[in-house]
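Please follow this explanation with the structure at hand.

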Amino acid sequence: MNAGIAAVTNRIIERSADLRADYLAQVQQDRQDRPVRGKLSCGNLAHGFAACGEEDKNSLKLMEAANIAIVTAYNDMLSAHHPYADYPEKIKRALRKMGCTAQVAGGVPAMCDGVTQGQPGMELSLLSRDLIAQCTAVALSHQMFDGVLALGICDKIVPGLLMGVLSFGYLPALFVPAGPMQSGMANKQKQRIRQLYAEGKVDREELLRAESESYHSAGTCTFYGTANSNQVVLEALGLQLPGSSFVNPDNPLRERLTEEACFQVARITALGNNYRPVGEIVDERALVNATVALLATGGSTNHTMHLVAIGRAAGIRMNWNDIADLSAVVPLLARVYPNGEADVNHFHAAGGTACLFRQLLAGGFMHADTKTAWGTNFADFTQEAILNTEGSGDGVIWRQSPMEPLDRQVLTTVDQPFSAEGGLRLLEGNLGRSVMKVSAVAPEHRSVEAPAVVIDDQDDLAALFAAGELNRDCVVVVRFQGPQALGMPELHKLTPLLGSLQDHGHRVALVTDGRMSGASGKVPAAIHLVPEAAAGGLLSRLRNGDILRVDAVTGTLEFMGDLAQLQARPAAPQPDAGQRGCGRDLFRINRAAMGTAERGASFLYGDR
């Protein structure tokens with residue numbers, strides 16, 4: 001085991017000892033106290049299976065047969081979740097082959113950041129993660145179940161589902177993906193057209209054509225944002241079948257993998273002799289494995305919050321220092337847009353997660369012996385599935401992944417990494433703490449010292465850009481975007497404008513208490529800044545023209561003037577906009593209870 005990985009793992013274990021012990025004790029208590037179907041009153045049980053067909057009803061009466069909860073994020077607007085429409089029936093059919101049953105225990109909200117990007121609805125996005133966790137807990141609270149199959153893929157949905165499932169940690173659980181859409185317009189070309197539109201050089205019709213060719217069918221978007229980072233994280237946690245994340249929805253293997261997930265969750269319930277509760281699988285070492293996989297692939301910065309919140313749900317205290325120290329020793333092995341030109345389909349074809357894990361395990365960067373929901377332990381996650389086409393077989397066969405990547409432009413080895421370290425940096429200084437995704441930022445752009453351009457609304461930047469007021473070196477500061485102010489919306493409307501300035505030779509950077517997510521691109525962006533402006537951070541005291549230094553090389557974020565003078569300034573008032581309308585007023589109490597970004601930006605746990 002790499003010494004740096006071992007050191008971070010050990011300190012997380014030590015820091016979490018009391019909280020983890022309390023969590024596991026609660027899991028054990030919940031398992032003992034649960035009203036198993038055999039102990040439910042006749043009225044409770046009758047309500048629980050009243051709508052089932054006779055075959056399933058008879059199975060549910062037999063207490064030896066497993067009943068699996070389906071918690072689904074299906075809706076037919078999200079391309080990623082559209083394929084889930086008929087999954088419940090597929091799951092029920094598969095489980096009947098095992099003599100078991102399944103019921104849709106509940107649905108959870110599933111909003112699309114792509115649809116709400118730059119719109120008022122984006123301010124509900126991060127808040128929806130904790131709501132999804134609560135909805136998942138409500139679904140499982142009927143306690144009719146012996147295991148869980150979770151149907152979810154996108155940004156806040158997977159973390160929310162997992163946090164909710166962990167509150168029923170005595171249940172075994174597997175996540176069931178639906179796969180990415182086929183490759184459309186190259187992501188680099190899409191980015192180019194977005195930037196041309198921002199510069200007024202192409203019209204809206206051309207922009208819509210490009211976007212439509214990029215996002216063109218059912219399936220997950222193909223760039224390496226939060227949705228696809230979720231899939232890598234789930235496999236690294238051992239909660240999704242190995243190599244299953246990036247099989248396209250219309251591939252015959254996709255349906256067989258879904259069936260195999262059903263068979264597997266039935267095998268690992270407490271009714272058999274291979275019981276694997278999810279609360280034991282998601283431990284400190286599994287969380288390190290997930291973080292390593294994320295860093296080695298240049299994954300989403302959203303997971304600097306999600307992994308912390310997931311850990312907290314399992315009684316684990318993880319922080320940004322842990323993630324940054326892991327990033328310092330984990331090599332970057334994948335180049336997937338926005339960190340390269342390939343998409344996740346190319347990544348999968350190059351060897352995918354199984355080949356990635358093989359490299360990381362061989363280099364001592366992942367814990368091989370962590371518990372998993374499939375296989376003996378995580379060492380088995382170097383395997384991939386193929387269709388069984390021999391004889392009457394219609395299932396899957398597991399085989400070892402390629403020993404080395406098949407396309408070294410997309411996926412490489414630990415001996416010849418794209419970078420000696422992962423794609424994330426922690427920036428600290430007199431303005432606070434923030435993170436930057438540097439894997440997509442060219443080395444010559446990683447350090448910027450320039451006057452500040454301070455705005456309180458991302459929409460204000462377009463007017464400054466159009467007026468030519470940004471044609472110079474500058475550090476754009478977008479404040480009052482944090483968890484307590486607005487629920488921490490993503491700010492991708494800024495990307496084409498800032499990218500254009502950089503392409504025209506200006507040195508530019510972004511500083512914000514908001515988010516830039518997995519699509520963080522070529523402009524250096526110090527994001528998730530804590531303390532946020534709404535909580536009294538010095539961000540609220542900055543003015544136009546203040547000299548700021550954003551330096552990913554040294555890991556510093558500094559106000560370069562007289563600090564005492566800055567501290568003596570009155571704080572700018574928080575804007576009134578963004579608190580009401582589009583349902584935002586319903587979440588006022590949640591925003592007030594939000595913990596900091598570094599503590600997971602959760603209203604479930606706050607800063608405890």
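A salt bridge joins Asp-325 to Arg-11, with 2.7 Å between the closest N and O atoms. Because Asp-325 belongs to helix H15 (residues 320-329) and Arg-11 to helix H1 (residues 3-33), the pair ties together parts that are 314 residues apart in sequence. The model examined here is a predicted one. Asp-325 counts as partly exposed, at 34% relative accessibility, and Arg-11 is likewise partly exposed, at 27%.

The structure holds 28 salt bridges. Side chains of opposite charge can pair when their charged atoms come close. One of these bridges is formed by Asp-86 and Lys-90, at 3.7 Å from N to O; Asp-86 is partly exposed, with a relative accessible area of 40%. Another links Asp-155 with Lys-156, at 3.7 Å from N to O, and here Asp-155 and Lys-156 are both buried. Through shared partners, salt bridges also connect Arg-11, Arg-15, Asp-322 and Asp-325 in one network.

Does a buried charged residue such as Arg-541 have a partner, or which side chain of opposite charge is nearest to it? Arg-541 is buried but has no salt bridge, and the nearest side chain of opposite charge, that of Asp-546, is 11 Å away. Arg-541 is placed in the loop between strand E12 (525-530) and strand E13 (547-551). Beyond its neighbours up to four places away in sequence, Arg-541 touches Arg-479, Gly-536, Asp-546, Leu-566, Gln-567, Arg-569, Pro-570 and Ala-571.

Attention now turns to the nonpolar residues. In soluble globular proteins, nonpolar side chains tend to be buried together. The largest nonpolar core in this model has 151 residues, and Ile-91, Leu-166 and Met-366 touch the most other members. Helix H13 (residues 284-296) gives the most to this core, with 9 residues. Leu-166 is in contact with Tyr-23, Val-278, Gly-279, Val-282, Ile-310, Ala-313 and Ala-314, when neighbours within four places in sequence are left aside. Another core, of 25 residues, lies apart from the largest one; among its members are Ala-452, Val-477, Leu-539 and Val-550.

In helix H10 (residues 226-237), 12 of the 12 residues are buried, including Asn-228, Gln-231, Val-233 and Glu-235. At 1.5 Å a residue, the 12 residues of H10 should span 16 Å, and the end C-alpha atoms are 16 Å apart, which agrees. After H10 comes Gly-238, which has a positive phi, near 80°. Helix H20 (residues 494-503) has 8 of its 10 residues buried, so it is largely enclosed by the rest of the structure. Among the buried residues of H20 are Leu-494, Pro-496, Leu-497 and Gln-502. Gly-505 follows H20, and its phi is also positive, near 95°.

The cysteines complete the account. A disulfide is a covalent bond between the sulfur atoms of two cysteines. How many disulfides does the model have? The count comes to 0, where the rule asks for sulfur atoms within 2.5 Å. The sulfur of Cys-100 is 10 Å from the closest cysteine sulfur, in Cys-262, and this is too far for a bond. Cys-100 counts as buried, at 8% relative accessibility. Cys-112 is in no disulfide either, as the nearest cysteine sulfur, that of Cys-221, is 6.3 Å away. Cys-112 is partly exposed, with a relative accessible area of 22%.

How values were computed:
Residues are numbered from 1 along each chain as its sequence is written. This is a predicted model: local features need pLDDT of at least 70, side-chain atom pairs count only at pLDDT 80 or more; totals for chains, interfaces and linings use all residues. Side-chain values use heavy atoms; hydrogens and water are left out. A nonpolar core is a set of buried Ala, Val, Leu, Ile, Met, Phe, Trp, Tyr and Cys residues joined through side-chain atoms within 4.5 Å. Buried means under 20% relative accessible area, exposed over 50%, partly exposed in between (1.4 Å probe, protein chains only). Helices (H or I, at least four residues) and strands (E, at least two) are DSSP runs, numbered from the N terminus. Contact means heavy atoms within 4.5 Å. The expected span of a helix is 1.5 Å times one less than its number of residues. Lys and Arg count as positive and Asp and Glu as negative; His and the chain ends are not counted. A salt bridge is a side-chain nitrogen of Lys or Arg within 4 Å of a carboxyl oxygen of Asp or Glu.
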